[in-house]
Amino acid sequence: MERQKEFVLRTLEERDIRFVRLWFTDVLGTLKSVSVAPAELESAFEEGIGFDGSAIEGFARVYESDMVAMPDPTTFQVFPFEGRGIGESARMFCDILTPEGAPSWADPRHVLRRALSKAADRGFTFYVHPEIEFFLFKDIFPETGAKPEPVDDGGYFDHTTHSVARDFRRQAILALERVGISVEFSHHEVAPGQQEIDLRYADALTTADNIMTFRHVVKEIAMTSDVTASFMPKPYNTQPGSGMHSHLSLFEGEDNAFHDPGDEQRLSKTAKAFIAGLLRHAPEFTAITNQWVNSYKRLYSSAQPGQISEAPSYVSWGKANRSALVRVPVYGKPNSARVEIRSLDSATNPYLAYAVLLGAGLKGIEEGYELPPGTEDDVSALTGAERRAAGYQPLPANLDEALDKMESSELVAEVLGEHVFDYFLKNKRQEWEDYRTQVTAFERKRYITL
């Protein structure tokens with residue numbers, strides 16, 4: 001760690017970096033930042049940066065508000081494209097501490113660290129590869145809530161001739177790679193204006209940091225293109241929403257713990273128990289992976305005829321089945337064995353989301369959960385009676401139901417810790433109440449002349 005600190009301080013001097021941004025997130029996953037002068041960074045490494053935790057969502061009450069942001073030098077990255085002629089800038093993620101130097105239970109990064117530490121105690125390293133979807137809009141109207149205007153009318157995998165979308169993805173990928181984030185794929189998604197960029201797999205903490213950086217970079221590049229990037233899960237009634245399908249794997253040293261060449265499906269007992277854990281606890285962690293009222297409009301969207309809808313509404317798994325909650329992709333190399341969970345949306349807090357997914361999977365391994373039979377059905381195309389007969393349990397239909405499931409979950413409470421668990425429930429109960437009491441344009445249009 002000392003050598004990493006020395007590298008950071010030397011780089012600041014050699015590259016004439018004028019601004020160092022220290023990043024962390026609140027409980028809901030909103031990025032927070034404080035800038036320090038390079039001359040102050042050495043003392044920040046030793047003492048951290050004090051701030052008022054009571055002003056941050058979910059961090060502290062007024063009478064216990066003093067908190068410390070401690071820079072993590074392993075996350076140092078120069079942002080060469082942000083200088084705009086006044087010198088380069090850089091960023092580091094922070095761990096949030098109490099004034100006594102203990103990790104803060106309110107820090108989402110610490111929540112994920114705890115989950116990863118539990119996995120490490122069993123000999124596992126947790127890797128994640130996210131596929132991040134988002135929209136690009138020409139115009140948005142947040143004051144009136146009017147429908148936003150997409151930058152193009154392209155569809156899935158279209159090679160759009162619309163320069164904004166094509167050039168945007170190229171610029172965003174170049175910017176991401178310049179800050180050390182490897183991109184695997186990018187393409188146009190199903191809906192007009194909808195894009196997807198897939199990040200290369202990394203350990204879960206690095207991936208969560210990369211997702212937060214990704215959102216920032218994408219929004220910055222969009223601003224320079226005079227468009228708006230949005231990670232809202234479901235901006236249109238009749239178009240698919242934006243998910244963040246995530247590929248998960250456990251490694252034991254250099255070996256993929258999910259691979260078994262002797263199994264018919266090439267899945268190890270560890271992989272099967274991990275999947276079973278995801279399935280059993282999915283209703284309990286859905287409030288975390290899908291944290292907004294709008295998230296459930298994506299999960300329970302009604303696709304138009306001939307349109308692709310890849311948001312799962314029911315608990316099931318299958319080999320290469322894109323209608324299932326958990327999909328096992330076909331893979332070649334043993335180290336490519338993985339499972340894909342498809343319910344997450346791209347507005348989730350990645351630290352909390354990956355912590356509860358890992359917690360559910362580890363619970364399945366610890367308790368020896370049995371994996372139910374996989375499905376080849378298009379679950380979303382079945383009737384309600386057919387789904388009930390097949391035993392497909394629905395995910396929560398709205399945020400209120402998801403919070404009820406979460407509140408009764410010992411697993412989610414254990415993974416998040418009491419502070420984050422209680423605050424998240426309180427905050428989201430208020431969001432649901434605010435939404436529930438709104439009279440919408442839909443209601444006025446339908447009922448006002450009755």
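Buried means under 20% relative accessible area, exposed over 50% and partly exposed in between, using a 1.4 Å probe and protein chains only. This is a predicted model, where local features need pLDDT of at least 70, side-chain atom pairs count only at pLDDT 80 or more, and totals for chains, interfaces and linings use all residues. Residues are numbered from 1 along each chain as its sequence is written, and side-chain values use heavy atoms, with hydrogens and water left out.

Q: Which residues of helix α10 (residues 399-407) are buried, and on how wide an arc do they lie?
A: Helices here are DSSP runs of H or I with at least four residues, strands are E runs of at least two, and both are numbered from the N terminus. An α-helix has 3.6 residues a turn, so residues three or four places apart point the same way. The buried residues are L399, A402, L403 and M406. They share one side of α10 because their arc, taken from the directions from the helix axis to the C-beta atoms, is only 100 degrees.

Q: Which helices do the buried residues of α10 pack against?
A: Contact means heavy atoms within 4.5 Å. By that test, the partners are α6 (269-289), α7 (295-299), α11 (410-416) and α12 (418-436).

Q: Is R342 buried or exposed?
A: R342 sits in the loop between β18 (339-341) and α8 (350-367). Beyond its neighbours within four places in sequence, it touches residues including R298, E310 and R322. Its relative accessible area is 0%, so R342 is buried.
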